[in-house]
Amino acid sequence: QVYLMESGGGLVQPGGSRRLSCTASGSIFFSSYALGWYREGSGEERELVASITTTGKTNYGDDVKGRFTLSKDNADNTVHLQMNSLKPEDTAIYYCNLRVQTEDGLRLGDYWGQGTQVTVSS
């Protein structure tokens, strides 16, 4: 049983900033995993926003590079997604994701949060 608790969604103006947080808790007995965020816009497929592995390796989606930053608090398995210079096209449901994987990056399984809405609009 893995629980992903999300916070930080809401309405923000274009050019503004927002911070999402996700805390993983429960039966986490994995030595190798990635924790981060995916998003799903209206009528679009779910796509990677940002993730970070237990070894500190980060990965960002092309559309958010240079604007979003993912950081990790190792002590409590929490990640923070700092979103700056937000655009209307960033509007989506954002899902926290824990991906169990090998040290080579091979996917073994996924756990998902319930999703939090981020709306960028004037």
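Predicted model: local features only at pLDDT ≥ 70, side-chain atom pairs only at ≥ 80, totals over all residues.

Residues are numbered from 1 along each chain as its sequence is written, and side-chain values use heavy atoms, with hydrogens and water left out.

**Overall build**

The chain has zero helices and eleven strands; helices (H or I, at least four residues) and strands (E, at least two) are DSSP runs numbered from the N terminus. With a radius of gyration of 14 Å, close to the 14 Å that the globule rule gives for 122 residues, the chain is as compact as a globular protein of that length. That radius is taken over C-alpha atoms, and the rule is 2.2 Å times the number of residues to the power 0.38. Along the principal axes, the C-alpha atoms fill a box of roughly 45 × 30 × 25 Å. Of the 122 residues, 44% are buried, where buried means under 20% relative accessible area, exposed over 50%, and partly exposed in between (1.4 Å probe, protein chains only).

**Two pockets**

Rolling a probe the size of a water molecule over the atoms shows where empty space is left. Here a pocket is an open set of points on a 1 Å grid over the protein atoms alone, where a 1.4 Å probe fits, with protein on both sides within 12 Å along at least five of seven lines; lining residues have an atom within 4 Å of a point. Grid points are joined across faces, edges and corners, and a volume is the space filled by probe spheres set on the points.

| Pocket | Volume |
|---|---|
| Largest pocket | about 320 Å³ |
| Second largest pocket | about 180 Å³ |

The largest pocket is lined by 19 residues, and A34, T53, K57, Q101 and G105 are the closest to its centre. Strands β4 (33-40), β5 (47-53), β6 (58-60) and β9 (92-101) each give two or more residues to that lining.

Which residues lie nearest the centre of the second largest pocket? They are R39, E44, E89, D90 and T91, out of 14 lining residues.

Most residues other than glycine have a negative phi. S85 has a positive phi of about 50 degrees, although it is not a glycine. S85 sits in the loop between β8 (78-83) and β9, and its 42% relative accessibility makes it partly exposed.
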